[in-house]
Amino acid sequence: MTRAVLASRSATPAVTDVEIGDPGPGEALLDVTLSSVNYKDGLALAGNPGVARVDPLVPGIDAVGTVAAVGSGVTDVAVGDRVVLNGAGLGETRHGGWAERALAPAESLVRLPDDMPDERAAAIGTAGFTAMLSVLALEHVVVPEDGPILVTGASGGVGTVAIALLAARGYTVTASTGRPENDASLRALGATEVIDRAAIAELGKPMQRAIWAGAVDSVGGATLANVLASTKWGGAVTACGLAQDSALPTTVLPFILRGVSLLGVNSVDAPLPLRKRAWDRLVSDLDPALLAGVTRTVDLAAAIEVGAEVVAGRVHGRTVVDVRA
Ligand code: NDP
């Protein structure tokens, strides 16, 4: 039996013993060291059926650890490899990383470089990995000389890492937040301007003054519509989240009058070459000290509390889960 958090639609989430089983064909069994708390984990804890597709479920869309055993047909990883997994159904369609052991699809495991300790990989987690995917998508279209990049949901997991990654590549970053108390922290990450998210939260005109060369958006809704409407000619906006709303009340005008691109980002099903590329760039671009400054570590029991806080938009930065504590 494995110590884990178990979430169920019929009971309060709790730390308990769970049967994980042996790896089947194409699977690897991980000795998990660390996981993290993501927005989706908060939704899984609340029994959201869009995330928790099986019931009961061990949450945790991230897992960092060592391969303990592999099933038949697994050739990409071997016993003893230090690996990270983000998404790939973990904590949604199968038991996730908030456990001392986890079964994972081997094809989605990324071997961790020697200079990427477990703690940093977990602090990055799905949120940081998604921020990296967003920057990789954006930089195909927008270069630093094009102008400022807006990061919405700036205090959150995706937002904080996106700010640091963009600033490291020379982009001028504006952070949009509903929490002015995080102003100094967002500037320390690399934002040169911080705006009140209320200024862009209500739906405005379909075309607005062109300000942004690009944006990394994790909130969706009217905010994303306003960002598109105020993006400059030829700019690009990445969309990965729905912290405000899943609806997108926009028009085609930003696309047909300014050639703006809307770039979707999905970390869950990212193919292995893209995962590897993103992790390589996270090693080279993300300043460990900046990440550590917005990261805290909790045990399994405390992770349950933090999950609800993340969904309520009260957590700043990243929360690592020490599954053995
Ligand atoms: P966090 O909760 O850490 O951050 C979200 C941030 O959004 C909050 O910190 C807050 O920032 C802002 N926010 C919250 N509520 C609202 C609101 N009503 N209106 C406007 N802004 C709001 O979550 P993550 O950063 O981990 O994830 C962000 C989103 O991205 C989630 O929807 C998540 O599901 C999605 N996601 C998608 C992935 C994918 O593969 N597509 C992968 C990872 C995440 P502030 O206080 O600064 O305003």
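I looked up the ligand's nitrogen atoms and found one placed 2.9 Å from a polar backbone atom of Val265, a polar contact in the sense of a pair of N or O atoms within 3.5 Å (within protein, one must be able to donate a hydrogen and the other to accept it, and residues adjacent in sequence count only if both atoms are side-chain atoms). I noted also that a nitrogen atom of the ligand is 2.9 Å from a polar backbone atom of Cys240, and that an oxygen atom of the ligand has a polar side-chain atom of Ser267 at 2.7 Å. The protein buries 89% of the 910 Å² that the ligand exposes when taken alone, with accessible areas from the Shrake-Rupley method and a 1.4 Å probe.

I record that the model is predicted, that local features need pLDDT of at least 70 and side-chain atom pairs pLDDT 80 or more, and that totals for chains, interfaces and linings use all residues. Residues are numbered from 1 along each chain as its sequence is written, and side-chain values use heavy atoms, with hydrogens and water left out.

I then listed the shell: 25 residues surround the ligand, the closest being Thr177, Gly178, Arg179, Arg197 and Ser267, where near means that a heavy atom of the residue lies within 4 Å. By class I have 10 nonpolar, 13 polar and 2 charged residues in this shell, Gly being counted as polar and Asp, Glu, Lys and Arg as charged. Both α2 (118–138) and α3 (157–168) supply at least two shell residues each, and α2 gives the largest share, 3 residues; helices here are DSSP runs (H or I) of at least four residues, and strands (E) of at least two.

I turned next to charge pairs and found 13 salt bridges in the structure, each a side-chain nitrogen of Lys or Arg within 4 Å of a carboxyl oxygen of Asp or Glu. In one of them Glu92 pairs with Arg53, with the closest N and O atoms 3.7 Å apart. Because Glu92 lies in the loop between β5 (82–86) and β6 (101–105) and Arg53 in the loop between α1 (39–45) and β4 (62–70), the pair ties together parts that are 39 residues apart in sequence.

Between α1 and β4 the loop includes Pro56, which is joined to Asp55 by a cis peptide bond with omega about 0°. In the loop between β5 and β6 I found Ala88, which has a positive phi of about 55° although it is not a glycine. Most residues other than glycine have a negative phi, and most peptide bonds are trans.
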